[in-house]
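Reader: Please walk me through the packing and the charged pairs here. Keep it brisk.

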Amino acid sequence: CFNASAVLEPAPESVFGARIVRFVRSEAALPVAMAAVSATELDGYQAGNVLDGNLHTCWACDAGAENASIGLNFPEPTAVRGLVIAPGHMKSVDEFERNERPAVVTVKTSNGATRAFDLRDVGLGFGCAIVLPFGEVETVTDISIDVDEVEHGTTDRRICVAEIGIF
């Protein structure tokens, strides 16, 4: 599974005193972008970017995409307690503020469980990763993250997610 550990650097302006520089990468989960529209990802912003361990890359789709979703497919049943998501384009503060990011998501697992998370409850700041606990361990082969609402950016009309991890 994807190691949810993160490399941090000091950030006195953060309430946590640090910000995420990058995630540790694993090959166990293979990302697959899914959406009800044909343009599920934009050039240079492929689904695989959410697992590359680089906060300067992201998955992106058009903001107008109905039912925008990104999925993780595991090669074998995998025990998962929850997700860690870095919503937005984290290349720079400017990129983060210009682009849209998920604000409310629904997480669906292959065993039929569905959970809604309001990411605004914990903050959508630049460099933030948000923990989405399942409350119990689930053994799954697929996880889908549906974007139900977005936090609007200032100019660009792209929904962006920098990284996704499991724990």
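Reader: Let us start with Arg-98: how accessible is Arg-98?

Author: This is a predicted model, where local features need pLDDT of at least 70, side-chain atom pairs count only at pLDDT 80 or more, and totals for chains, interfaces and linings use all residues. Residues are numbered from 1 along each chain as its sequence is written, and side-chain values use heavy atoms, with hydrogens and water left out. Buried means under 20% relative accessible area, exposed over 50%, and partly exposed in between (1.4 Å probe, protein chains only). Arg-98 counts as partly exposed because its relative accessibility is 23%.

Reader: Which residue forms a salt bridge with Arg-98?

Author: A salt bridge is a side-chain nitrogen of Lys or Arg within 4 Å of a carboxyl oxygen of Asp or Glu. The closest N and O atoms of this pair are 3.2 Å apart. The partner of Arg-98 is Asp-156.

Reader: Which parts does that pair tie together?

Author: Helices (H or I, at least four residues) and strands (E, at least two) are DSSP runs, numbered from the N terminus. Arg-98 lies in helix 1, so its pairing with Asp-156 ties that helix to the loop between strand 8 and strand 9.

Reader: Are Glu-95 and Arg-158, which meet in a salt bridge, buried or exposed?

Author: The N to O distance in this pair is 3.5 Å. Glu-95 has a relative accessible area of 16%. Arg-158 has 15%. Glu-95 is buried, and Arg-158 also counts as buried.

Reader: How far apart in sequence are Asp-146 and Lys-108?

Author: They form a salt bridge, with the closest N and O atoms 2.9 Å apart. Asp-146 lies in strand 8 and Lys-108 in strand 6, so the pair ties together parts whose separation in sequence is 38 residues.
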